[in-house]
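Okay, thanks everyone, I'll keep this short.

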Amino acid sequence: MAEEEDIYTKDGTVDYRNKPANKKKTGTWKACPYILGNECCERLAYYGMSTNLVLYFKNQLNQQTTTASTNQSNWSGTCYVMPLLGAFLADSYLGRYWTIAIFSIIYVCGMTLLTVSASVQGLRPTCYEKDKCHATEGQTAVFFVALYLVALGTGGIKPCVSSYGADQFDDADPIERNYKNSFFNWFYFSVNVGALVASSLIVWIQQDIGWGWGFGVPAVAMAIAVVSFFSGSRLYRYQKPGGSPLTRICQVVVASFRKYRVTLPAEKSLLYETAEAESAIKGSRKLSHTNELRFFDKAAVKTESDKNRGSINNWRLCTVTQVEELKSVIKLLPIWATGIIFSTVYNQMSNMFVIQATYMDTHLGKFKIPEASLSVFDTIAVILWVPVYDRLLIPFVRKFTGHKNGLTQLQRMGTGLVVSVFAMVFAAIVEVVRLGIVRRHNYYNATSVPMSVFWQIPQYMIIGCAEVFTFIGQLEFFYDQAPDSMRSLCAALSLTTAALGSYVSSLLVTIVTDITRRNGKPGWIANNQNRGKLHYFFLLLAVLSVLNFFVFLVVAKRYKYKKAINKDDFVPMVTGGDDK
């Protein structure tokens, strides 16, 4: 009987027939290629559209530099806010599988409309010569409708795909759990393979062949992503949705305030919890009690009135696991907040780095390199660093730290924050050198300066290195520290740092422009960047990154990792449990 139980997962996952998932027939690396293939194609579609978007705003829709930058940042931010909606639906009602499936179809519809808006006569902008176009209000409106349909589609995919891939590995199995740690590295690897194709081939198609083809190819890639995802349905493990996590959080808050006068018991065993090995929350393991944020423990104190009611009212009495869910989310928030500035720095690759490149020499012999295609070096850096980190750095660092993953998740994230500072410093140095050439040779009105755009390579590659540490560490951290039934929501929470990073970038551009353009000055971010001071903007981000790192050190030092209770570890409570 024990041997028979061992062939099934212990984390509550089921197969496509809604039966306990068989370890030998479902999940692990045999299911992951379909998920990784989906993510690779989806990211090709996303970056194929977003990498060059600021130039589409400028050259096709005829927008000013600051307007184009703000619109790009706002759209990018929305793409990272919408995951909150997708995550809520996945955790509460649909499950991750159907959320990915439904929103992928919406994504394809958005990409198709985007292609139509850039290629069909009457819907596409009117161009008088290359990169000098005019768009009517109607044409602009159609383009933005398509753009925000894509934002809605990506909102259902982003928070679920990484969590769904990690669901294919049983947390209660030590061997599979180790595979899960590697999964996040290879998940990000597949993201950047898609981004590599996007920032090289797709960007070239957009600028040298046409925007219709440039959006059409990513649309086809997204359709392939949907097919790839459905192909693996029989091999997947499915985590059942546990009901609305927001409702459970509200219940704990309400019950805590209702019992604010109740005295907490000295023994944690006196707090209310179900007597069974399984949690009362569908698809979630029980969580061990922690001593932080003890006010919310009042929600789990069973009073005489609770005992006399005969049945449990969840708005008056909550389990320890339910209370710990809320605590887990609250404890994640300070770590989450420190990711915003890093995302602001990351946003510059599709924003100010591209604008900087437009004033540099983008020729390689007779071939003109698309400005946005320099982001390919960020992708190359990630693709190089992921296997180096996973196969070389982890075993090497493990010898010194004794930690199975070399660095803890928080140490990994902090390392990336430090590395990102150097990217902004180098970008500032490149701009100082470029402006020096402008001044010496009076190139103030020149469309480009005789300084190769390849000087930007180090700033892209440094950010790529920082991503491997911070973004992958963040993915793993938020999945691991999230309660089982709230993993999509916490993944979405981590993604909102990218959204807020984009909005902070947009806000900084607005503030800097308003302050530095007073009294008729061109400002730091000028329409003619040969007269601007973009290096000051990069240095401002470097200073904010340093301050952010010190805040991260304080909150990371105080953080305590969660502990879930597996079925095999469960010990029945003598008191304080369910009195059935």
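So, what you're looking at has 18 helices and eight strands, and bear in mind that this is a predicted model. How does the radius of gyration compare with that of a compact globule? For 580 residues you'd expect something near 25 Å, and the protein comes in at 26 Å, so the two agree. The C-alpha trace spans about 85 × 50 × 45 Å along its principal axes. Buried residues make up 58% of the chain's 580.

Next, the largest pocket. There's about 920 Å³ of space in there. The lining has 31 residues, and K58, N59, D131, T358 and T447 lie nearest the centre. By type, that lining splits into 14 polar, nine nonpolar and eight charged. Which helix gives the most to it? That's helix 3, with three residues. Strand 2, helix 7 and strand 4 are also in the group supplying at least two each.

You'll find K23 in the loop between helix 1 and helix 2. Buried or exposed? Well, the relative accessibility of K23 is 16%, and the cut-off for buried is under 20%, so K23 counts as buried. Its side chain makes a polar contact with the side chain of D173, at 2.9 Å. Beyond its sequence neighbours within four places, K23 also touches a list of residues including D6, Y8, D170, E176 and R237.

How values were computed
Residues numbered from 1 in each chain as written. Predicted model: local features only at pLDDT ≥ 70, side-chain atom pairs only at ≥ 80, totals over all residues. Heavy atoms only, no water. Helix = DSSP H or I, 4+ residues; strand = E, 2+ residues; numbered from the N terminus. Buried < 20%, exposed > 50% of the residue type's maximum accessible area, 1.4 Å probe, protein only. Polar contact = N/O pair within 3.5 Å; in protein donor to acceptor, adjacent residues only side chain to side chain. Contact = heavy atoms within 4.5 Å. 1 Å grid on protein atoms, 1.4 Å probe; cavity = no way out; pocket = protein on both sides within 12 Å on 5 of 7 lines; lining within 4 Å. Points joined across faces, edges and corners; volume = space filled by probe spheres on them. Nonpolar A, V, L, I, M, F, W, Y, C, P; charged D, E, K, R; others polar. Rg over C-alpha atoms; globule rule 2.2 N^0.38 Å.
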